[in-house]
Amino acid sequence: MPQDQASSSIESVLHEDRHFPPPAGFAAQAHVGSMEQYEALHQRSLNDPEGFWAEEAERHHWFKPWEKVVEWDAPDAKWFVGGTTNLCYNAVDKQVADGFGSQTAIIWEAEPIDADGTPQVLHLTYSDLMRETAKFANVLKGQGVKKGDVVTIYMGMVPELAIAVLACARIGAPHSVIFGGFSAQAIKDRVEDGRSNIIITCDGSWRRGSVVPLKDNVDEACKQTDLVDTVIVVKRCENDTAWTEGRDAWYHDLMATATDDCPCEELDSEDLAFILYTSGSTGKPKGIMHTTGGYMVWTAMTSRLTFDLQPDEDDVYWCTADIGWITGHSYILYGILPNRVPTIMYEGGPNYPGADRFWDMVARHKVTKFYTAPTAIRAFMKWGDEHPRKHDLSSLKVLGTVGEPINPEAWMWYHKVIGHENCPIVDTWWQTETGGHMLTPLPGATTTTPGSCCRPMIGVDAAVVNSDGEPVGTNEGGILVIRKPWPGMLRGIYGDRDRYIDTYWSRFQDKGYYVPADGARVDDNGNFWIMGRIDDVIVVAGHNIGTMEVESAIVSHEATAEAAVVGYPHDVKGNALAAFIILKGDLPTPGSEEDLALKKNIRDHCGKELGPICKPDQVRFTEALPKTRSGKIMRRLLRDIAAGNEITQDVTTLEDKSIVEKLQASG
Ligand code: WT7
């Protein structure tokens, strides 16, 4: 729908009155242990940002203190102005300096299962990590990398990836990490956009028992651009790779002669820390820029509060994301390491060799804080309860989710089957652009409700407004905005100032509001509900409907596993809804009695749950949904299929290309 229509009120139809207060024992020891404490902290952070953020920043090491906490000239923020610090120092060296060098920083687990029936596991201490990052920083310097040079990283989830990222931070060379699932074309585009002339990669990476040929993809990308003059290759899978003399070098060869003396570079708080590309729904990927001091303080604080990290209480933290995404940047490395809690890095797939791999790992490593995505949770639901039930999950204390709205059905499964009704669930809403959590429950304070990401993070001034920027009423849908700057906010789109302003700030330029482009509402408990991207709110016969609520209703039907709902043009109603549904069981024969009865049953179910207006006109059963590599449903593609249009979207990033034809045939 056109963006402007998101401003009129969106019917709020999803009825949810289940509430889960934090377990009393948990609240008693938590950093934030009550709603009163949360409210007080939140108020203070907004009323006295200078004082509040100065205290947070003092938890870190600064070579030179800041002169001013924040300078705000919308849309440009500077945090900890004049201060100098280093992200690698605070993640690693500081722990060694404080006497914790022998504690585990990273627990790495390989995907392959060795002959003895167990996978390889490595524990890297802070001292190990300091030595390795210093050595690799010297390797980079030896290759001519200087402060400010963009280093491209395209690797699997191996320890050398963490080392490479932190080594870049050590010398002030911004990294640009590209997820290992991307193609040669994606590498070429990002290398050129970032003007990067060095790539760190692996010969291959393990994914569900087979080798992804990373180095081949790099070679292919390098054929299409002449920017790259150095490729450093980690030997991981021992697959054959072509070799370009003078350009390619083995990581282990370079490390063999590197010294471990490389102090952390003193960086300005606003020096560029990294670029991370986010695809967005249209146009070429945007190189989101994050800087040093603010990002450091923001990711460390949000990690501590959202996961209630307790360094001296045997906490073991596991985020299942890949470091190629912002979730991995902020919540595997940069936010977690300064909190001195071991962070797990797992190399491979969730169902290798069996559908219980994650739960086996939780039990073996005694994971206390676990963070994953709704798409993974729904996959586990589909694979069956017997897999988690085989393992002792009693170490778990907090369960997190991120990336897309979690439907109440999946939330309840996570709560019961994984959390044994004993673990607060933190549904964290944020973006690549926000650097860290913006809306989330705090596990010791917030009473949660399935499907809601609850409250603004401390330091975040969030509101739901209409097209004039005025707050809408309770339960009225509107545009989510952030009204004040926060330390971890993006500082721009690399090389594209106009697009930065246009994308995030132009809508409420006079007010200086950040616009994430999500639709939302606030319920009568003050909890936020994300309704989907602004352009996923559909006007059907004059009613505004959030696709996410219809999806949640469909997935609450016993026969369904996952659903995507989109709008398509309709002569009478303006727009109509089409639902693409994955079933728990086998697909019925198309057109059979069983098929038609189930479709009718699901439509009626939506009518009952949400009201007749929300009954989808089209119901299509499918084996799979078209998703981007980051797991986001390709909605534009589904809209075209529902409307019977030609496909306008580039589908080269689809894993399974035959899915488009299957979907077209499903109508
Ligand atoms: C978009 C950002 C943040 C790291 C992973 C994705 C959606 C994210 C939630 C959530 C509902 C969510 C939003 C957001 N989203 N988390 N908990 N509930 N929606 O980062 O690729 O930058 O995507 O993901 O639409 O704007 P990203």
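1. The largest cavity is lined by Leu87, Cys168, Ala169, Gly172, Ala173, Pro174, Leu267, Leu272, Ala273 and Thr292. Here a cavity is a set of points on a 1 Å grid over the protein atoms alone where a 1.4 Å probe fits but cannot get out, and lining residues have an atom within 4 Å of a point.

2. A word on the basis: this is a predicted model, with local features needing pLDDT of at least 70 and side-chain atom pairs pLDDT 80 or more, while totals for chains, interfaces and linings use all residues. Residues are numbered from 1 along each chain as its sequence is written, and side-chain values use heavy atoms, without hydrogens and water.

3. The largest cavity holds about 50 Å³ of space, and the count is three cavities of 30 Å³ or more. Helix H6 (159-171) and strand E14 (272-278) each give at least two residues to the lining of the largest cavity. By class, that lining has eight nonpolar, two polar and no charged residues.

4. Now to the helix pair: H7 (residues 184-193) packs on H8 (residues 214-223) at an angle of about 55°, with the axes 8 Å apart.

5. Which residues meet where H7 and H8 touch? Ala184, Ile187 and Lys188 in H7 meet Asn217, Val218, Glu220 and Ala221 in H8, contact being heavy atoms within 4.5 Å. This contact has four nonpolar, one polar and two charged residues.

Note on methods:
1 Å grid on protein atoms, 1.4 Å probe; cavity = no way out; pocket = protein on both sides within 12 Å on 5 of 7 lines; lining within 4 Å. Points joined across faces, edges and corners; volume = space filled by probe spheres on them. Helix = DSSP H or I, 4+ residues; strand = E, 2+ residues; numbered from the N terminus. Nonpolar A, V, L, I, M, F, W, Y, C, P; charged D, E, K, R; others polar. Axes fitted to C-alpha atoms, helices over the stretch in contact; angles between N-to-C directions.
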